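Please find below a short briefing on the structure shown here.

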Amino acid sequence: MNDSHYCPHTPEEIAEMLSAIGAASVEDLFAPIPTELRAKTLNIPPGMSEFETFSRMQEIAGENVQGITHFIGGGFYDHIIPSVVDHLANRSEFYTAYTPYQPECSQGTLQALFEYQTAICRLTGLDVSNASLYDGGTACAEAAMMALRVTGRNKIVLDGCVSPFSREVLKTYLFNLDVEVVEIAPLDGLLNRSLIADVLDDTVAGVLIQNPNFFGSIEDFSALANQVHSVGALLIGSVYPISLGILKSPGEIGIDIAVGDGQSLGNPLSFGGPSFGFIAAKKTFIRNMPGRIVGETVDRNGKRGFVLTLQAREQHIKRHKATSNICSNQGLCALRGLIFLSSVGKEGLAELARLNRDKAEYAKSLFAEIPGVSVLQSAVTFNEFTIVLPKNADDVVSGLLKKGIAAGVPLGQYYSGLESCMVVTVTEKRTKKKIDQLVDALKTELADVRF
Amino acid sequence: MSMYFTKEHEWVKVAGNVGTIGISDHAAHELGDITFVELPKIGTVVTQFGVLGSIESVKAASDIYSPLSGKVLKVNESLETAPEVVNESAEDAAWMAQIEIADEVELKNLMTQEQYYDYLKTL
Amino acid sequence: MQLIYEQSTSGRRGVKLPASDVPAAAALPGALLRAEKAALAEVSELDLVRHFTNLSRRNFSVDTNFYPLGSCTMKYNAKVLENSAALFAPFHPMTALLPGGVEFCQGTLGMLYDLGQLLADITGMDEVTTQPLAGAHGEMTGIMLIAAYHAAKGNRAKKKYVVVPDSSHGTNPASAAIAGYEIITVPTAPYGDMDLELFKKTMSDEVAAVMMTCPNTLGLFNPHIKEISDIAHSFDALMYYDGANLNAIMGKVKPGDVGFDVIHVNLHKTFGTPHGGGGPGSGPVGVKKALIPFLPQPRIIKNGDGRLLLETANQGSIGRTANFFGNFGVMAKAYAYIIMLGREGLIQVSEQAVLNANYIKEKLKGYYDLPYDMTCMHEVVFSASKQMEHGVHAIDIAKFLIDRGYHPPTVYFPMIVKEAIMIEPTETESKATMDAFIEVMIEAARTAESNPQALHDAPLTMPISRLDETKAAREQNVCSVR
């Protein structure tokens, strides 16, 4: 009997197939596995119907506390997702296909990825992009390794204002290579410009900054780009794609390699994934870029078509000398990103960015009025900002979480000395009413503080 | 001017103490349409059979090994924008680098043109 | 088809955004603003829907075509898995990292923990990290764990090499290179597996790990695997199992029992999650006890009361390999798949995957050269060498199949087989589907003899045919400038 209705054969069919093979039983086909190596047990519970499976999955989802209002970011953001994103990306012609190795029967995926690469290039103001990386953190690591290859040097400088998660991922990636990683401690939520000037010399391969940074601050990095270039190093910028609706693009700043997490572009929070990492660079660096790249060409009749290109850089041909080990990427999430960007469009992305900033500025103005609370830095911010509380931020956040509000990300865990600070994120989805409620709840939480 | 070959299908033409290096017609044909040639920097010191550069086609990538030790004097920069010349004229116009030969004794480790053609028949 | 950008009209919108209910903020300083808005598409919602719907129709997919792409395990993706993953869309990963936050995420953390336990049992490992985001990411994580293990014993400098067979996936050496290792490649013997004698000569105290795919990329189970792992262990080299081909052996053999110390599992291959046109995948890594201290952080652990916690401050850990907890949505699908199929279902998956591959092997071996003629596991590798005599290459056969509505098998991999045609039917295909495919493969072989030009002309039924890949690589137009 079939235990899995996903295995379609009847007993008669199995018998016919075995007879064609010349085997007495299915078990015979496993004869190449020596008997003494055979598994003795498999402690997986008995199977169930799809209805029971779905009920179990609902129970599991129900074990998480529901309905939390998010004022947290840290790399993942609660943004609107137009209905078309799910409907189109969930067409199974997209999601049950694989890497488009055979271009004639994969033009759907290939053209979509070409359009995605185009969107990323236009958003970042850079020349070339790829068909996606895993996430924002691994994209930072891949960009750093790209800078090492391009320059032939072995030192990476990290702004401490970059997401602590991305910095950790980068350090994990580089740990076993002969690479020195220098971290610049933040100064009031900003890049410490005098410290970075001290470490910049002709041994540096790349400098990684983030804009807006983990504290929420936006900085003008144009002068830094010149400084970095003057020592022959590359400037790598991790950016928040929604902010690029209004903010100066990496290309305009002079960034050589731009990376980021694409979750905010049409991908649900989904407890941290899947999202996608994006990467864009100046054209001269294309051969050092990791991952799959789609290129435009013509077919034998002169018709336009799209193919995977520059594959000789990749692991399946170049093996240990490849630009990266990446094979599977996050293509479907990148497709969601493309559909999102094409839906909100040129004007809509600018409007969405302004909406985010307006909401955050409104919240910031209310926080500034709470006695004992101040905004950490005078720097300008996008949709996140850091506030200083009159008590330990961990206590405040855990207190508010019990009331169903994820009020912010406390910084003490990531930066010693900033135990009273937290980063508050306000996206376009947070209404004025919810922002007012957050401010009121925070006032209540701070009621026991005496000045 | 005499021409010598390696088992990895590079050639070197020797004129005085200057060696001009490229890949053989056979290698170019095996790789298919060449899409990229990575040339060494001028001044690089290479050792015999050490990596001099690399070459890519649509489906393959291969290192180019130097037939002799020496210092790179000149590279054929035109290949960077016109890699197809390797397919058209691998053993002439598509020379890749010129080196100042460090030690002519190393020539004994290479094959003559005739020996190379015999070698190809064994592959 | 036009690009979405070629259909744009200035000012057109695809979606209406919520109106602002707060005052407009003061403008940012000009130096921080972009000069021009990004030139994204400007299309109506209907035009957007038509565009992507029509694009999707230019794809072959598992849901529309038999897709026997070897090494990729293109099985049917059950629809209940999609519904299951959608249940978790609203949960923010940072919630778990807030002070006291784990109490709010017991469901999602518990599912990851339980998935780890199930995978540990299937693979014979002691603990599994679910953080790696794809197979190659899992390989890299696994090799880094091995590097940390050797470093902890003071042997990091001594252990310089990772040994791989020449039939291995390219990701194996590429992943080992990121972990700082040099690669030693061992050739395949005429019996279809890594040459045992050459392997023995290769081994020394300087080898850190041996990476094996078992069954290998020829679809063959290595009968010497235990001997290989014993030899590796005698030099304190660890055994790495590339789980790409796990679909063949569930319930039949556990890599951990055979001596493997580290394994990655491709959830998108074996555990029924869709491939997404290239991803997302998911590559959980299982390890034996000795490697647990080095697992990535945050590590999900269970306390005595059955509550889930996060270990974040273990100094021995290799650190974070990804920003959060891995591709959670993919793992929700894989978890649902495992609990739905259950013990007997998983065993049946492997049995029928192997049955189907052997059936195709027997039916086609009279028409195509079979360089390693023996019982295969879940996939079979033919060579188009007979067809080459008529000037027909593996790629021509692939294009002929497209005209008949089949996604081609993997061609030209593994590289050790000339003109390789690697067929992996998977367990979800019916006999009728395979019989029809076999007929078309036979027709292709006959056409190669009678009318090779017909194969060179294929495909004729697609919107485009035989793209100029050289032009693409030389010109590098990877972004529309129109």
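The model is predicted. Chain A has 451 residues, of which 62% count as buried, and its contact with chain C involves 173 residues of chain A and 179 residues of chain C.

**Chain A overall**
- Chain A contains 14 helices and 15 strands.
- The C-alpha trace of chain A extends over about 85 × 50 × 50 Å along its principal axes.
- Three domains are assigned in chain A: domain 1 (11–56), domain 2 (69–77 + 351–445) and domain 3 (83–340).
- Between the C-alpha centres of domain 1 of chain A and domain 3 of chain A there is a separation of 43 Å.
- When contacts in chain A between residues at least 6 apart in sequence are considered, 73% of them link residues at least 24 apart.

**Helices 6 and 7 of chain A**
- Helix 6 (residues 136–151) of chain A packs against helix 7 (residues 164–174) of chain A at an angle of about 45 degrees, and their axes are 8 Å apart.
- An angle between 35 and 65 degrees counts as oblique, and helix 6 of chain A and helix 7 of chain A are therefore oblique to each other.
- The crossing of helix 6 of chain A past helix 7 of chain A is right-handed.
- Helix 6 of chain A contributes Gly136(A), Gly137(A), Thr138(A), Cys140(A), Ala141(A), Ala144(A) and Met145(A) to the contact, while helix 7 of chain A contributes Phe165(A), Ser166(A), Val169(A), Leu170(A), Tyr173(A) and Leu174(A).
- This contact of helix 6 of chain A with helix 7 of chain A comprises 9 nonpolar and 4 polar residues, with no charged residues.

**Contact between chains C and A**
- On the side of chain C, 179 residues are in contact with 173 residues of chain A.
- Helix 10 (residues 328–364) of chain C supplies the largest share of the side of chain C that touches chain A, namely 25 residues.
- By class, the residues on that side of chain C are 98 nonpolar, 52 polar and 29 charged.

**Helix 6 of chain C**
- Helix 6 (residues 171–178) of chain C is largely enclosed by the rest of the structure, because 8 of its 8 residues are buried.
- The buried residues of helix 6 of chain C are Thr171(C), Asn172(C), Pro173(C), Ala174(C), Ser175(C), Ala176(C), Ala177(C) and Ile178(C).

Terms used. Residues numbered from 1 in each chain as written. Chains lettered and ligands numbered in written order. Predicted model: local features only at pLDDT ≥ 70, side-chain atom pairs only at ≥ 80, totals over all residues. Contact = placed C-beta atoms within 7 Å. Helix = DSSP H or I, 4+ residues; strand = E, 2+ residues; numbered from the N terminus. Nonpolar A, V, L, I, M, F, W, Y, C, P; charged D, E, K, R; others polar. Domains from an automatic or database assignment. Buried ≥ 20, exposed ≤ 12 C-beta atoms within 10 Å, placed from the backbone. Axes fitted to C-alpha atoms, helices over the stretch in contact; angles between N-to-C directions. Parallel < 35°, antiparallel > 145°, perpendicular 65-115°, else oblique. Left-handed = near helix turned anticlockwise from the far one by under 90°.
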